[in-house]
Amino acid sequence: MSRKPFIAGNWKMNMTVASGEKLINELKPLVKDANCDVCLCVPAILIPAMKKAAEGSNVEIGAENVHWAEKGAYTGEISADMLKDYGVKYVIIGHSERRQYFGETDETVNKRTHAALNAGLTPIVCVGELLEERESGKTNEVLDRQLKVGLNGIADVTKAVIAYEPVWAIGTGKTATDEQAQETIAYIRKKIGELFCPECAEKIIIQYGGSMNAANCKGLMAQPDIDGGLIGGASLKTDFATIVNYDK
Ligand code: PGA
């Protein structure tokens, strides 16, 4: 079964309306012939302007988080319906920075994932181990827990995307080797097969994230189980287009 590659950017807390529009306008002609799906996940307040800037192109605009409740007294939060209102298709859930700085847990990841799917959004669910967990041989154990709890009760897991982001590789310039990324993503795929179904494992899109850039994207994307990338730093520049065009 062939899986369509998917390259997504994660702007994190960067860019303004002007710098975001400028970058999107530069990227549009560079990525127009991409063979993969392309998305930029941007700060919520920039979504309307970036959506407008990307109009008529193959660049989807995504969000970086979503709350699990439909509506209500959750000051500062944004619901799935609000994202839908602006034509958002993808939303990052459970990024390690949310886990580390904002108390995100596997349980809240699960609630957000359900909310996104119920609204018809595609969640990009992030998983990945800390450096000490890798060094103490606990990577698979951590991933087992993140996948089992984070995706608990999802009816069709293939409607979600998984991003494997080893925490030690995020923003550090220390990319996982092609072999490390392949081995771990193959493990995640196997686990999806066990938790859901073998066909689900074959079908689900799994990205690699963590210091993926214009120089290392080809090697990572050549791995049989790596279906794409979640790109932080390099998505703030036109380097993003080089990654999107990794196969050219
Ligand atoms: P990075 O970030 O590419 O800057 O390492 C990846 C991410 O956090 O999604």
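Modeller: A disulfide is counted here when two cysteine sulfur atoms lie within 2.5 Å of each other, and in this predicted model the structure holds one disulfide.

Biologist: What makes the pair Cys 197 and Cys 200 a disulfide?

Modeller: The sulfur atoms of Cys 197 and Cys 200 are 2.2 Å apart, and the cut-off is 2.5 Å, so the pair meets the definition. The link of Cys 197 and Cys 200 is also right-handed, with 90° about the S-S bond.

Biologist: Which residues come nearest to the ligand, and how is the shell around the ligand divided by class?

Modeller: Of the 13 residues around the ligand, those that come nearest are Lys 12, His 95, Glu 165, Gly 171 and Ser 211. The shell divides into four nonpolar, seven polar and two charged residues.

Biologist: What makes a space a cavity, and how many cavities of 30 Å³ or more does the structure hold?

Modeller: A cavity is a set of points where a 1.4 Å probe fits but cannot get out, and the structure holds one of 30 Å³ or more. The largest cavity has a volume of about 40 Å³, and its lining includes His 95 and Glu 165. The elements that give two or more residues to this lining are α4 (96–101) and β5 (122–127). By class, three of the lining residues are nonpolar, four are polar and two are charged.

Biologist: Why is another space called a pocket, and what is the volume of the largest pocket?

Modeller: The word pocket is used because the set of points is open, whereas a probe in a cavity cannot get out. The largest pocket has a volume of about 550 Å³, and of the 21 residues that line this pocket, the closest to its centre are Lys 12, Glu 64, Asn 65, Arg 98 and Phe 102. The largest share of the pocket lining, three residues, comes from α4.

Technical notes. Residues numbered from 1 in each chain as written. Predicted model: local features only at pLDDT ≥ 70, side-chain atom pairs only at ≥ 80, totals over all residues. Heavy atoms only, no water. Near = heavy atom within 4 Å. Nonpolar A, V, L, I, M, F, W, Y, C, P; charged D, E, K, R; others polar. 1 Å grid on protein atoms, 1.4 Å probe; cavity = no way out; pocket = protein on both sides within 12 Å on 5 of 7 lines; lining within 4 Å. Points joined across faces, edges and corners; volume = space filled by probe spheres on them. Helix = DSSP H or I, 4+ residues; strand = E, 2+ residues; numbered from the N terminus.
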